[in-house]
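Okay, thanks everyone, let me put this one up on the screen.

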Amino acid sequence: AGETLGLADAGDAVTVRDNLFVSTTGWEACWWIGAGHGTTPLAAGVSIANNTCAAAITRHAAIVVGNPEGDDPAIRLDDLQLEANLITGLGDGDLNLLATYAPAAWRVDGNVYAPAGGFRLVDDRVPSLDAWRELGGVDAESRVCEVPVSALEGAVDETLAACLGEAGATRR
C-alpha cells in the first residue's frame, strides 16, 4: 500500500497531509485506514487531507477504510476526515474509495475522484459519485474529473485547475 495507517494507542491522532503519492506499477491502496482496537475506544481520529494519489490500484481501492480482507476490530475508528484529496490514474474497475463500515463521524468532502473508479460501502458497490453520495451520505462538494498524471509534475492545466477550483482541493 502507499500508506497503511493504524493508531499506536488509543490517544494518538494520525494526520497525513500535503503529500504526492505516485506509482507507475500501482498499489493495493494509496491510503489504508485500518484503525481500531479490540477493547479500548479510540480517543483520537485520522485525517487524510490535501493529498494526491496517482496510481493504478492493483487490489482494493485508492482509499480503504476498514479491513476488506477480514473482520474489522470490535471497536472501530469513528472519527475520520478525508478531505481535499485528488485521486487519478485509476483503471476501469478500480475503486476510488472502499469502506467496510461507515464511521460515525466521518467527514468526506472536497475530493476529486478519478472517473474510471467506483465506490464501495460494506457490500454495496456503486459506479458513480452521485450513487456514492446517496449511499454514503458524504462527498456533497466532491467532483469527478480526468486529471492527467503529467499535470501533477508541471504546470496545472486548465482542466485540472477548473476541477480543483470547483471541489475546493489543492494540488500537492
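So, start with Asn51, which touches Val16, Arg17, Asp18, Asn19, Phe21, Trp31, Ala84, Asn85 and Leu86, leaving out residues up to four places away in sequence; contact here means heavy atoms within 4.5 Å. Quick background: this is a predicted model, where local features need pLDDT of at least 70, side-chain atom pairs count only at pLDDT 80 or more, and totals for chains, interfaces and linings use all residues. Residues are numbered from 1 along each chain as its sequence is written, and side-chain values use heavy atoms, with hydrogens and water left out.

Back to Asn51: you'll find it in the loop between strand S6 (46-49) and strand S7 (52-57). Strands are DSSP runs of E, at least two residues, and helices are runs of H or I, at least four, numbered from the N terminus. Asn51 has a relative accessible area of 0%, so it's buried, meaning under 20% with a 1.4 Å probe, protein chains only. A polar atom of its side chain sits 2.8 Å from the backbone oxygen of Val16, and the side chain of Asn51 also reaches the backbone nitrogen of Asp18 at 3.2 Å.

Now the rings. How many aromatic pairs does the structure hold? Five, counting Phe, Tyr and Trp rings (the six-membered one for Trp) with centres within 6.5 Å; stacked is under 30 degrees between planes, edge-to-face over 60, the rest tilted. One of them is Trp106 with Trp132, edge-to-face, 6.1 Å centre to centre and 80° between the planes. Trp106 is in strand S13 and Trp132 in helix H1, so that pair ties together parts 26 residues apart in sequence. Phe119 and Trp132 are stacked, at 5.2 Å and 15°, and both are buried.

Terms used. Buried means under 20% relative accessible area, exposed over 50%, partly exposed in between (1.4 Å probe, protein chains only). A polar contact is a pair of N or O atoms within 3.5 Å; within protein, one must be able to donate a hydrogen and the other to accept it, and residues adjacent in sequence count only if both atoms are side-chain atoms.
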